[in-house]
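The following note sets out points for a colleague who is examining the structure. Please read the numbered points alongside the sequence and the model.

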Amino acid sequence: MSRFEPNLRIPGPTALPPSVREAGARQMVNHRGPEFAALLGRIQAGMKPYFGTTGDVAILTCAGTGGLETAVVNTLSPGDRVLGISIGSFGDRFAKIAEVYGATVERMSAEWGWAAEPAEVRERLAAGGRDYRAVLLTHNETSTGVMNPVAELAAAIREEAPDALILVDAVSSLGAVPFEMDDWGCDVVVTGSQKAWMAAPGLAMVAASERAWAAMETARMPRFYLDLRKHRELLEKGETPWTPAVAVAFQVDEGLRLMAEETPAGVFARHEVCAAATQAGLEALGFELFAEPAHRSKTVTAAWIPDGLDWKAVNGELKRRDLVLAGGQGKLAGKIFRVGHLGMVRLDEILAAIGTIEEVLAESGRLPAPGAGVAAAERAAIAVEAHRSTAAAGAR
Ligand code: PLP
């Protein structure tokens, strides 16, 4: 990495490909004119397969949190009974939003580092009655590096609470891993431009099922800027109700073009390879990963900071060498660090990151010799590739 291009390994905002950066620098267009309408149409069409929906995808100018708020205020009424399934700090945030707007939120929290268990969710819903209006789920818990099995969780919810709306925070996963909103029966799904979409922060993309659109007609939580009905109405004209972040829309459009060129399968495979390499590399360097092995995230890896390691000093040295990692959030601050591997991430950037960590640890006398981390990361990447090609050959 050059001095001016750090290896930005945080779980969003992610580094941008050159053509996406150029797209963001384009001259403005009339956001109520044909050029923007065409752009919005392309973003819609490009996004739908990643959501796994044939329904509309609203493009809102706000952070991912605004997208979560959109899911809540559009579908719920004060006093509604809601089950907030939380596996980390973003799950807690989703539940908090519903609470702030007056929902009666019951929390079901997994130990941080673990995914939600479909059987436990089934049990909880069976015991708790069938009158939950909504269940809140996090697909990828960025604070812990855990990816929830949304398909299985949604199936459990559908079985035990068939009328509950399933609202999903897929901010840091959508676009990096397969998602089938319609098939899995999810009702509102939210993502953000600065995550897998290779664009700057500024847009939240929100899709809703027909059930959710119907719920919006009777939902009584206050909403104006985030009113999805206004977005849907204007979408028909190729517009957004309020002035959108046009430059970010240019970037998302270009990001989607790059993703189409790579193919969704290629994008998913690249994320899988980078995740496996990161995890194997860190483990070979002696780090204990925070997330349970069965549900490790494909977009962010969290690792414990070992006892006795002066992380502040190590991290300072990593930054001096242009490697930027993320720290722990909330109660995990100072206990874990996180490596982002989403968006335009390439394997060589992961190998470089592992190599830099290895060098710094070796210099501080914590490793006998550098080399093992990068070698393990490379082996893991090769194994994932080999597994995928065998599976692909078997499917032919
Ligand atoms: N949900 C998840 C899973 C996230 O990772 C994030 C951001 O990291 C958010 C919600 C909030 O997004 P934003 O910071 O854009 O509000």
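1. Rings of Phe, Tyr and Trp (its six-membered ring) pair if their centres lie within 6.5 Å; planes under 30 degrees apart count as stacked, over 60 as edge-to-face and the rest as tilted. By this criterion the structure holds 8 aromatic pairs. One of them is the edge-to-face pair of Phe 287 and Phe 337, with 5.0 Å centre to centre and 75° between the planes. This pair connects distant parts of the chain, 50 residues apart: Phe 287 is in the loop between helix H11 (264-284) and strand E11 (300-304), and Phe 337 is in strand E13 (residues 336-340). Helices (H or I, at least four residues) and strands (E, at least two) are DSSP runs, numbered from the N terminus.

2. The model is a predicted one: local features need pLDDT of at least 70, side-chain atom pairs count only at pLDDT 80 or more, and totals for chains, interfaces and linings use all residues. Residues are numbered from 1 along each chain as its sequence is written, and side-chain values use heavy atoms, with hydrogens and water left out.

3. Are Phe 287 and Phe 337 buried or exposed? Buried means under 20% relative accessible area, exposed over 50%, and partly exposed in between (1.4 Å probe, protein chains only). Phe 287 counts as buried because its relative accessibility is 4%, and Phe 337 is buried at 0%.

4. Ring pairs also link Tyr 50, Trp 197 and Phe 268 into a cluster.

5. The ligand is surrounded by residues including Phe 90, Arg 93, Thr 142, Asp 169 and Gln 194; a residue is near a molecule if one of its heavy atoms lies within 4 Å of it. An oxygen atom of the ligand is 2.4 Å from a side-chain N or O atom of Thr 142. For Asp 169, a ligand nitrogen atom lies 2.6 Å from an N or O atom in the side chain. The protein covers 86% of the 390 Å² of accessible area that the ligand has on its own (Shrake-Rupley method, 1.4 Å probe).

6. Met 198 is found in the loop between strand E9 (188-192) and strand E10 (203-208), whereas Asp 322 is in the loop between helix H12 (311-320) and strand E12 (323-327). Met 198 is buried, with a relative accessible area of 5%.

7. A cis peptide bond, with omega of about 0°, joins Gly 12 and Pro 13.

Notes
Polar contact = N/O pair within 3.5 Å; in protein donor to acceptor, adjacent residues only side chain to side chain.
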